[in-house]
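Q: I would like to go through this model with you, aromatic contacts included. Could we begin with how burial is defined?

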Amino acid sequence: MAPKVTLFVDYQNAHLSAHHHWCEQGAKVHECLIDPLKLAERVIARRAPGGVIEQVRVYRGTPNPRKQPEAAAYSDRAAAAWTSSEPRVQVF
């Protein structure tokens, strides 16, 4: 039986690293996002014992909607997209 795995994602660091390495030069940060579940699937696929994803726990800060309404809206939409169709993904 494959082990159950919970992946903890420091979203800001993962997102900025991915943006730096794989997004087009000049792309805005909110235009090039990572999907936490797809990240978890790739990590598990490369793990020697494999595993079954039990949870993906995404830890991230959120912009203050009074000071950065546009950034807060992007952040809220991304979190809603990750969690609405996949109950294993939780955003903190």
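A: A residue is called buried when its relative accessible area is under 20%. The model discussed here is a predicted one.

Q: What percentage of the residues in the protein chain is buried?

A: Of the 92 residues in the protein chain, 27% are buried.

Q: And which elements make up the secondary structure?

A: The protein chain has three helices and three strands. Their order from the N terminus is β-α-α-β-α-β.

Q: What box do the C-alpha atoms fill?

A: Along the principal axes, the C-alpha atoms of the protein chain fill a box of roughly 50 × 30 × 20 Å.

Q: Turning to the aromatics, how many aromatic pairs are there?

A: The structure contains three aromatic pairs. In one of them, F8 and Y59 are stacked, because their ring centres lie 6.2 Å apart and their planes meet at 15°, where planes under 30 degrees apart count as stacked.

Q: Where do F8 and Y59 lie?

A: F8 belongs to strand β1 (residues 4-10) and Y59 to strand β2 (residues 52-59), so this pair ties together parts that are 51 residues apart in sequence.

Q: Is F8 exposed or buried?

A: F8 has a relative accessible area of 54% and is therefore exposed, the cut-off being over 50%. Y59, at 33% relative accessibility, counts as partly exposed.

Q: What about Y11 and W82?

A: Y11 and W82 form a tilted aromatic pair, with 4.9 Å from centre to centre and 50° between the planes. Y11 sits in helix α1 (residues 11-22) and W82 in helix α3 (residues 69-84), so the pair links distant parts of the chain, 71 residues apart.

Q: Buried or exposed, those two, Y11 and W82?

A: Y11 and W82 are both buried.

Q: Back to F8: which residues form an aromatic cluster with it?

A: F8 forms one aromatic cluster with Y59 and F92. On the surface, F8, Y59 and F92 also make up a nonpolar patch, and together they have about 320 Å² of accessible area.

Q: How much accessible surface does the protein chain have?

A: The accessible surface of the protein chain is about 6600 Å², and 53% of it belongs to carbon and sulfur atoms.

Q: Last topic: what percentage of contacts between residues at least 6 apart in sequence joins residues at least 24 apart?

A: Among those contacts in the protein chain, 61% join residues at least 24 apart.

Terms used: Residues are numbered from 1 along each chain as its sequence is written. This is a predicted model: local features need pLDDT of at least 70, side-chain atom pairs count only at pLDDT 80 or more; totals for chains, interfaces and linings use all residues. Side-chain values use heavy atoms; hydrogens and water are left out. Rings of Phe, Tyr and Trp (its six-membered ring) pair if their centres lie within 6.5 Å; planes under 30 degrees apart count as stacked, over 60 as edge-to-face and the rest as tilted. Helices (H or I, at least four residues) and strands (E, at least two) are DSSP runs, numbered from the N terminus. Buried means under 20% relative accessible area, exposed over 50%, partly exposed in between (1.4 Å probe, protein chains only). Patches are made of residues with over 30% relative accessible area and no salt bridge: like charges are joined within 9 Å, nonpolar side chains (Val, Leu, Ile, Met, Phe, Trp, Tyr) within 5 Å. Accessible areas come from the Shrake-Rupley method with a 1.4 Å probe; for residues, only the protein chains shown count as cover. A salt bridge is a side-chain nitrogen of Lys or Arg within 4 Å of a carboxyl oxygen of Asp or Glu. Contact means heavy atoms within 4.5 Å.
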